[in-house]
Amino acid sequence: MATPAQDLAPVLDKDGVRLTVDDALATVTLTNPAKRNAQSPALWRALIEAGRLLPGSVRVVMLRGEGKSFSAGLDRQMFTPEGIPGEPNFIDLAHRDDAEIDATIAQYQEAFTWWRRNDIVSVAAVQGHAIGAGFQLALACDLRVVADDVQFAMRETSLGLVPDLTGTHPLVGLVGYARALEICATGRFVDARESVASGLANLAVPAAELDVAARDLAAALLAAPRNAVVETKALLKGAVDRTYDEQRAAERAAQARRLRDLAGIGE
């Protein structure tokens, strides 16, 4: 089993984000439990930096949050007139033109996009509250292991906003349009049992076993040859946009690459 992340020297430790690397396994930890790992632009910049700092040896990235909550969503200071010092608040953002708003949100979204890179598999270990931006950060990962006390919720609509941190696409893909609309429009909580039943989570375990379960899943992912996992992930990600026959052709092409690789024959 991989070394626990807390025993490793951090590659990055700033603005509520810590990155540790143990050979092929990287762990990104949200480290502000006193604020239930509330999210801010500084935290998003640190997440972007963590993605850029991943060594080429990394195959699996585990995302976790310290404390009782994975992430309770946006730092509420962003909703106040004072805001967070040095950062735009929502009132400031509203007064910008469409191009500036688009560019600002696009920059925030970068913190949520790299988790689905083809060269890694990302696993979110989620306990307690994962609300709004917290829900969307968990959705940014490929896989989710949840504690039995998990509470997912998309609360943006109750604030008069929409989910804009990349969570809508994976949510619809996991639970379907009708269930996704109902979850987002009502802002209700989704518990561990429903998370597994609906496909939001791969596995639910007692809270005390969450880190071990996530590390065990990471170890299972690392047991397969890297290139086979990379090709399989790319195949599955592209399947939704391909026809049946196009997917068959993609499978054949991917398998040809794998056979040549195994035989030591170049392209």
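Predicted model: local features only at pLDDT ≥ 70, side-chain atom pairs only at ≥ 80, totals over all residues.
Local features were considered at pLDDT of at least 70 and side-chain atom pairs only at pLDDT 80 or more, while totals for chains, interfaces and linings use all residues. Residues are numbered from 1 along each chain as its sequence is written, and side-chain values use heavy atoms, with hydrogens and water left out.

A search of the whole structure gives 15 of them, each being a side-chain nitrogen of Lys or Arg within 4 Å of a carboxyl oxygen of Asp or Glu. One of these joins Arg-179 to Glu-194, with 3.3 Å from N to O. Arg-179 sits in helix H6 (residues 177–186) and Glu-194 in helix H7 (residues 192–198), so the pair ties together parts that are 15 residues apart in sequence. Helices here are DSSP runs (H or I, at least four residues), numbered from the N terminus. Arg-179 is partly exposed, at 35% relative accessibility; residues count as buried under 20% relative accessible area, as exposed over 50%, and as partly exposed in between (1.4 Å probe, protein chains only).

Asp-245 has a relative accessible area of 47% and Arg-248 one of 38%. In the bridge between Asp-261 and Arg-258, the closest N and O atoms are 3.0 Å apart, and these two residues also lie in H10, three residues apart. Here Asp-261 is partly exposed at 40%, whereas Arg-258 is buried at 12%. Elsewhere, bridges with shared partners link Arg-179, Glu-182, Arg-188 and Glu-194 into one network.

Next come the cysteines. The structure has zero disulfides, a disulfide being a pair of cysteine sulfur atoms within 2.5 Å. For Cys-141, the nearest cysteine sulfur belongs to Cys-184 and is 18 Å away. That distance is too far for a bond. Both cysteines are covered: Cys-141 is buried at 0% relative accessible area, and Cys-184 is buried at 12%.

Helix H4 (residues 133–140) is mostly covered too, with eight of its eight residues buried. Among them are Phe-135, Gln-136 and Leu-137.

Finally, what lies in the loop between helix H2 (90–94) and helix H3 (98–113)? Asp-97 does, and this residue is partly exposed at 43%.
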